[in-house]
Amino acid sequence: MRWSRYFIPTLKEDPAEAEVVSHRLLLRAGMVRRLTSGIYTYLPAGWRSLLKISEIIRREMTRYHAVELLMPAVQPGDLWKETGRWEAYGKELLRFRDRHDRDYCIGPTHEEVITDLVRREISSYRQLPLNLYQIQTKFRDEIRPRFGLMRGREFIMKDAYSFDRDEAGAAQSYEWMHKAYVSIFEKLGLRFRAVEADTGAIGGSLSHEFMVLADTGEDVIATCSQCDFAANLEKAEVECQGPDCPECSLPPEQVFTPGMHTVSQVAGYLNVPQRKVLKTLLYDADGRSVAALVRGDRELNEVKLKNVLGAQSLELASKEQVEKWTGAGLGFAGPVGLRVDRMVADLELRLETDWITGANVEDAHLMHVDLKRDSRINGYHDLRSITREDPCPRCAGTIRMTKGIEVGHIFRLGTKYSRSMHALFLDEQGVEQPMIMGCYGIGVSRVLAACIEQNHDDHGIIFTPAVAPFETVIIALNPRDELVQKNARDIYSRLIAHGVDVLLDDRDERPGFKFKDCDLVGFPLQIVVGARGIKNKVVEVKERHSGQRHELPLEDFWTGFQKVRQRVREHFGLTSG
């Protein structure tokens, strides 16, 4: 392909709409353009990268026994009503009605559709196991789409669904998909980590997220320095052991705390450490009032709280609800005498006493509170986020925190969907059984953005060879010099013959302009063909990731190029051509 006949509309300035590195560089490198909020057109270079990512996914899915199909983007609401998700999924589900006044939605995921297909076609244990997948456009009506392809409304996703006849088979399917994902991200040349994760709205009993490691990532990952424990912050459990503390020897005492609404304000006013002040956080959980208690220097983990409550929806209480439940304004809630339907406390609150809490009275707090004596706690649970100071829940080793970008998620669904939708089969004894399901997703367009977040510098993108729209670019410095053009074309033809994915930059532009464009777009290898080099019978090859330059003799160019190419591939963990 020649650049002069291709379409890569690069930009010299940062677009005002760009919020994160990948968004800025995807726009500047001419890979995407915004159509409307959270919806993008993939330009030729961006689409070419997405096709490469998709092809690697397809190869590995096939290797691990998955079969490709394509399901409709438009889904009937009746299927979602069978599983109860029509009401539960939330406003992210884009619903509409057709001319016959029937409910439909644009698919954000396809559990209902695939289960409906399989229940119609599979009836015997002899037809199982089965794993079907697709690569397709999805739509989720995000309230605040942002960060370009990282959190758009329309996106490309690979989703697979496994169907097994027993738990052993389901465990094997899950393991195969775990191996497939590891292989996919290795072959893409990305640094990643598989971590334990919450199952969320999809449901199920077990899940892992695949995180591309990047300093700009939205997600925090907790890992152990001594074992293979890794979990996202929502999932990472906190180890909390020790005997319950004895009862506080002092009775509760109300103290005046005028205008002290926050933990730091109360601790400073009373001259105590923040860890002695309790946070009493009030929520509306499926229409019921709930109080959750954690130490003042801790962060409540709302995902853990939601799971403990078994709640479909969880919202912080409004100002009016707080006043109704406590009799006071914001910032003075406490567990003593609190009128809520349920009150839960973090596990570590069993180990200490003599707390300072809100008094449920305006401008007042209570000192010397003993939770067991003075309040009605409905249970102690792991409710807070893990910290670096906590021991590893597996081996008591040291916890480390890193940042990542979620690009894949696998789930053990069990029979959540097959039971509600009656996806049944006859076992060896002729007895009807629900199929045991798994669900496995990769955000294909998100992988492209995550690759850029992980690999970039001040000059632009540094693509891995597996993801780059072209692995190699040939820069003809003097496009009107026939000898330069001839040698550039000869090298281009030789690389094409050897199966190298190459773009010939034959544009009639200044050398500096071309160098900047090639750095911006992020081609892993740049071959520079100029009159001076031709005169000396050499060409220059530059490694984009390191900036290192190599002079290769024209006579034996292919041998030298192979060595440089392999160096680059090895840098990204790619060991074969």
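Are F185 and F192 buried or exposed? Both are buried (under 20% relative accessible area, with exposed over 50% and partly exposed in between, for a 1.4 Å probe and protein chains only). This is a predicted model, where local features need pLDDT of at least 70, side-chain atom pairs count only at pLDDT 80 or more, and totals for chains, interfaces and linings use all residues. Residues are numbered from 1 along each chain as its sequence is written, and side-chain values use heavy atoms, leaving out hydrogens and water.

**View A. Ring pairs link Y181, F185, F192 and F210 into a cluster.** Rings of Phe, Tyr and Trp (its six-membered ring) pair if their centres lie within 6.5 Å; planes under 30 degrees apart are stacked, over 60 edge-to-face and the rest tilted. F185 and F192 make a tilted pair, 5.7 Å centre to centre with 50° between the planes.

**View B. W80 meets Y89 edge-to-face.** Here is one of the 12 aromatic pairs found in the whole structure. The ring centres are 5.4 Å apart and the planes stand at 85°, so the pair is edge-to-face. W80 counts as buried because its relative accessibility is 0%; Y89, at 17%, is buried too.

**View C. Two charged ends sit over rings.** The term asks for NZ of Lys or CZ of Arg within 6 Å of the ring centre and within 35 degrees of the ring normal. Look for the charged end of K12 over F513, 4.2 Å from the ring centre. For R507 over the ring of W3, the distance to the centre is 3.8 Å.
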